[in-house]
Amino acid sequence: MSAPPITPESMDARPRSARRRAGSWLHQRPKLRLRALLAAPVGWLAIAYLGSLFILLLNAFWAQDSFTGRVEPFNWSLEAFQTILTNPVYSVIAIRTVTVAVLVTITDALLAIPIAYYMARVASPRMRGLLVVAVLIPLWAAYLVKVYSWRIILQGNGLVDVALAPFGLEGPGLSEIANSWLVLSYLWLPYMILPVYAGFERIPHSVLEASADLGARSLTTFRRIVMPLVFPALVAGSIFTFSLTLGDYITPDLVSDAKFIGNVIYDNSANVNLPLAAAYSLLPIGIMVAYLLVARRLGAFESL
Amino acid sequence: MTETRLVKALLRLATAGVLAFLYLPIVVLAIYAFNSSRIQAWPPSSFTLQWFVEASNNPLIIRALTNSLIAATIATTVALVLGTLASLAVSRYDFFGRYTISFFLLLPIALPGVISGIALRTTFTTFGVDLGLMTIIIGHATFCVVVVYNNVLARLRRLPPSAEEASADLGADSFTTFRRVTMAGIGTALVSGGLLAFGLSFDEIIVTIFTAGAGTQTLPMWIYAAIQRPNELPVVNVVALVLVVISVIPVYLASRISSDVAGARQL
């Protein structure tokens, strides 16, 4: 910190201004200070975000004018929920989305563990710094740019097609659901690597030595000591990989034909069927709130 | 626990493999940006700089870029103010609901983006608010607050309150202490939180589409539309490459101001 030294002369010992009086008046009232600090951020969050979520919830229970497509406020109806529960398409899409989110999370965890371990415990300090930067650059690169690049890799006559041609095989094109799994795993991988790397780095060396002294082999130490200690970090990373997959509708749209929960919400959002979109939104909200509560119990919030 | 030579070699191999995976799309993009053909087949037949000229002369791109910069600047400013206020309250005071605040501030970023998007859009339309740049900024600021909050809070936890007490003992009033002691201590945390918020806003598309309305386009929205028009792809390649190159700047800045680079984009 390079602030100039604070001396009594520099501290407004000049006229006892109104500002100074206000300052000392405020100093004696910690409760008022606290309220002043909290008013704006809590107000913003409550009105702009929680308020919006509440209005969304209301819309799920409102009827829709079948002619104009507009929502009729306070005209209560459970029609949206009935549609979702009776039409199997909505359960298929929900199961598909959650399955891909789980697969993406597992894939990213499996890819992140070796590189994060290497960064934290094998690489030299200089190498470690370089690797962190090497992981951060793809993370900061624009989301759409990365999806777009996968599109040109996967599409007909793209890199994958050309690479597979000598084997008499064809690329996946832009319709397979596996594309969504691949590209979403790619997109969120750095979000998993960074917390897991920090998790490996936090493990004190003495714990590993103690395990070895007590006769555990390397593999046993890894399984019984290292993995349980890094588990909260994996859960922290999984919040991102899981939630970001659950809410994405652009990647599934750009690289495959398979619709996700987000596509249903987006497609119905404008004046198509807002109550349906709102009712369907409650599903990912419920899943994520449950996920966050479990993650907090597992100690993941300290690793964020 | 010591890794055997074999384990180390395997780890090195896995690391190289993951890095290759992370950089494959970026390298492919860099090659296509100079592709002279309008058709995106592999490999490109010949190379040109023509598309760079076309991109820089495209008024839609310029307007979208301007919108993105305005939105990111205002959203970051709002997030810096709100995030700092909340982190000061949580770190320096003990009150009922202190732990709940972190949880609720995290919600806009932990809940899927499509939820934040449709919730905000529904609220705006319910109250008759016209969708446009203003509503985009409100949406962005909402999820940017948490990144500033987390960065500043982590710093405040490491700064002992004794420095602020000492300042008060030496006769500084609350405002002077805040300006000369607290701000000096959290300065670099504000910079890295601000960078993060700016990057997040500049890149956002999922919430933005919901809150943008018909007449306003940000740069990611322009890209999303242009990707689906084969004619525009050469120009998209150029814009994409420029964005990738630009993304090195925040990583560089973050690594300069903090020795712990990994902390820079962790929430």
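Which hand does the crossing have where H3(B) passes H6(B)? The crossing is right-handed. The notes below put that pair in context. The model is a predicted one.

1. **Chain A, overall.** Chain A holds 13 helices and two strands. Its radius of gyration is 26 Å, well over the 19 Å that the globule rule gives for 304 residues, so chain A is more spread out than a compact globule. Its C-alpha atoms fill a box of roughly 80 × 65 × 40 Å along the principal axes.

2. **Chain A, burial and contacts.** Of the 304 residues in chain A, 42% count as buried. Now take the contacts in chain A between residues at least 6 apart in sequence. Of these, 69% join residues at least 24 apart.

3. **A helix pair in chain A.** Helix H2 of chain A covers residues 30–60, and helix H13 of chain A covers residues 274–297. They pack at an angle of about 120°, and their axes are 7 Å apart. The crossing of H2(A) and H13(A) is left-handed.

4. **Who makes that contact.** H2(A) contributes A:Leu56, A:Asn59 and A:Ala60. From H13(A) come A:Leu274, A:Pro275, A:Ala278, A:Ala279, A:Ser281 and A:Leu282. By class, the contact of H2(A) with H13(A) has seven nonpolar residues, two polar and no charged.

5. **Chain B, overall.** Chain B has 12 helices and zero strands. Read from the N terminus, its elements run α-α-α-α-α-α-α-α-α-α-α-α. The C-alpha trace of chain B spans about 75 × 65 × 30 Å along its principal axes.

6. **Chain B, burial and contacts.** Chain B has 267 residues, and buried residues make up 51% of them. Consider the contacts in chain B with a separation of 6 or more. Residues 24 or more positions apart account for 76% of those contacts.

7. **The opening pair, in detail.** Helix H3 of chain B spans residues 59–92, and helix H6 of chain B spans residues 133–158. Their axes come within 5 Å and cross at roughly 40°. That angle makes H3(B) oblique to H6(B). The residues of this contact divide into 22 nonpolar, seven polar and one charged.

8. **One residue of H3(B).** B:Ala72 lies in helix H3 of chain B. Is B:Ala72 buried or exposed? B:Ala72 counts as buried, because it has 24 C-beta neighbours inside 10 Å, and the cut-off for buried is 20 or more.

9. **What B:Ala72 touches.** Set aside its neighbours within four places in sequence. B:Ala72 is then in contact with B:Phe198, B:Ser201 and B:Phe202. For another distance, take B:Glu164. B:Ala72 and B:Glu164 are 92 residues apart in sequence, and their C-alpha atoms are 32 Å apart in space.

10. **Where the chains meet.** How many residues of chain B are in contact with chain A? The count is 83 residues of chain B, against 90 residues of chain A. On the chain B side, the largest share is 15 residues, from helix H1 (residues 5–32) of chain B. By class, the side of chain B that touches chain A has 59 nonpolar, 16 polar and eight charged residues.

Definitions and conventions
Residues numbered from 1 in each chain as written. Chains lettered and ligands numbered in written order. Predicted model: local features only at pLDDT ≥ 70, side-chain atom pairs only at ≥ 80, totals over all residues. Helix = DSSP H or I, 4+ residues; strand = E, 2+ residues; numbered from the N terminus. Rg over C-alpha atoms; globule rule 2.2 N^0.38 Å. Buried ≥ 20, exposed ≤ 12 C-beta atoms within 10 Å, placed from the backbone. Contact = placed C-beta atoms within 7 Å. Axes fitted to C-alpha atoms, helices over the stretch in contact; angles between N-to-C directions. Parallel < 35°, antiparallel > 145°, perpendicular 65-115°, else oblique. Left-handed = near helix turned anticlockwise from the far one by under 90°. Nonpolar A, V, L, I, M, F, W, Y, C, P; charged D, E, K, R; others polar.
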